[in-house]
Amino acid sequence: MTQKFYRYGLLIVMTLVTILFLIKIGGPIPKTPAHTDKVVHCVIFFGLTWLVFRAISKPKWILITSLAVYGAVIEVIQGLFPYRSASLLDFVADLAGIGLFLILAAIVTQFRRFRNTSSEES
């Protein structure tokens, strides 16, 4: 798939995620296990990191910093709405999602290098 495809996907996903983080959730919220929202934040930012890395050709530190700033800004904005709340732990979960992606990406890269080196030696 082309980088242009990922850029359109990133635009759509970022729009949806921003709306999701800012809308008022109506009605009774079903009971969920404790800290489920932290897992959701982590998963969302894991996916955003993957998508950003596919969509944008910039140094990785710029992309990581941009995602971290986005997470912080979302939390600050949530604190401005009476029906939402800012949470440092949500931001930490965002950073955890970014970090988990980076760790998994490094493991996959090392595995591919090892596999390629092993197949060249055969």
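Analyst: With a relative accessible area of 56%, Val 76 is exposed, because the cut-off for that class is over 50%. The model is a predicted one. Val 76 belongs to helix α3.

The chain as a whole gives the setting. The protein chain has four helices and zero strands, and along the sequence the pattern reads α-α-α-α. Its radius of gyration is 17 Å, while the globule rule gives 14 Å for 122 residues; the value is well over the rule, so the chain is more spread out than a compact globule. Along the principal axes, the C-alpha atoms fill a box of roughly 65 × 35 × 25 Å. Of the 122 residues, 27% are buried. Among contacts in the chain with a separation of 6 or more, 72% are between residues 24 or more positions apart.

Now the packing, pair by pair. Two packed helices are described by the angle between their axes and the distance between those axes.

Take α1 and α2 to begin with. Helix α1 covers residues 3-22 and helix α2 covers residues 36-55; their axes come within 8 Å and cross at roughly 155°. That angle is over 145°, which means α1 is roughly antiparallel to α2. The crossing of these two helices is left-handed. On the α1 side, the contact is made by Gln 3, Tyr 6, Arg 7, Gly 9, Leu 10, Val 13, Met 14, Val 17, Leu 20 and Phe 21. On the α2 side, it is made by His 41, Ile 44, Phe 45, Leu 48, Trp 50, Leu 51, Val 52, Arg 54 and Ala 55. Sorted by class, the contact of α1 with α2 has 14 nonpolar, three polar and two charged residues.

Arg 7 sits in helix α1. Its relative accessibility is 46%, so Arg 7 counts as partly exposed. The C-alpha atoms of Arg 7 and Val 52 are separated by 8.0 Å, although the residues are 45 apart along the chain. Arg 54 sits in helix α2. At 40% relative accessibility, Arg 54 also counts as partly exposed. Leaving aside residues up to four places away in sequence, Arg 54 touches Gln 3 and Tyr 6. Arg 54 and Thr 65 are 11 residues apart along the chain, and their C-alpha atoms are separated by 16 Å.

Next come α2 and α3. Helix α3 covers residues 60-80, and its axis comes within 11 Å of the axis of α2, with a crossing of roughly 145°. This crossing is right-handed. From α2, the residues that meet α3 are His 41, Phe 45, Leu 48, Thr 49, Val 52 and Phe 53. Facing them in α3 are Lys 60, Leu 63, Ile 64, Leu 67, Tyr 70, Gly 71 and Glu 75. The contact of α2 with α3 divides into eight nonpolar, three polar and two charged residues.

The remaining pair to describe here is α1 and α3. Their axes come within 10 Å and cross at roughly 35°, and the crossing is right-handed. Met 14, Val 17, Thr 18, Phe 21 and Leu 22 of α1 make this contact with Tyr 70, Ile 74, Ile 77 and Gln 78 of α3. The class count is seven nonpolar, two polar and no charged residues.

Ser 87 is in the loop between α3 and α4, and α4 spans residues 88-121. The relative accessibility of Ser 87 is 18%, and the limit for buried is under 20%, so Ser 87 counts as buried. Not counting residues up to four places away in sequence, Ser 87 touches Lys 38 and Glu 75. Glu 75 was named above as part of the contact of α3 with α2.

Definitions and conventions: Residues are numbered from 1 along each chain as its sequence is written. This is a predicted model: local features need pLDDT of at least 70, side-chain atom pairs count only at pLDDT 80 or more; totals for chains, interfaces and linings use all residues. Side-chain values use heavy atoms; hydrogens and water are left out. Axes are lines fitted to C-alpha atoms, for helices over the stretch in contact, and angles run from 0 to 180 degrees between N-to-C directions. Angles under 35 degrees count as roughly parallel, over 145 as roughly antiparallel, 65 to 115 as roughly perpendicular and the rest as oblique. A crossing is left-handed if the near helix is turned anticlockwise from the far one by less than a right angle, and right-handed if clockwise. Contact means heavy atoms within 4.5 Å. Ala, Val, Leu, Ile, Met, Phe, Trp, Tyr, Cys and Pro count as nonpolar, Asp, Glu, Lys and Arg as charged, and the others, Gly among them, as polar. The radius of gyration is taken over C-alpha atoms; the globule rule is 2.2 Å times the number of residues to the power 0.38. Buried means under 20% relative accessible area, exposed over 50%, partly exposed in between (1.4 Å probe, protein chains only).
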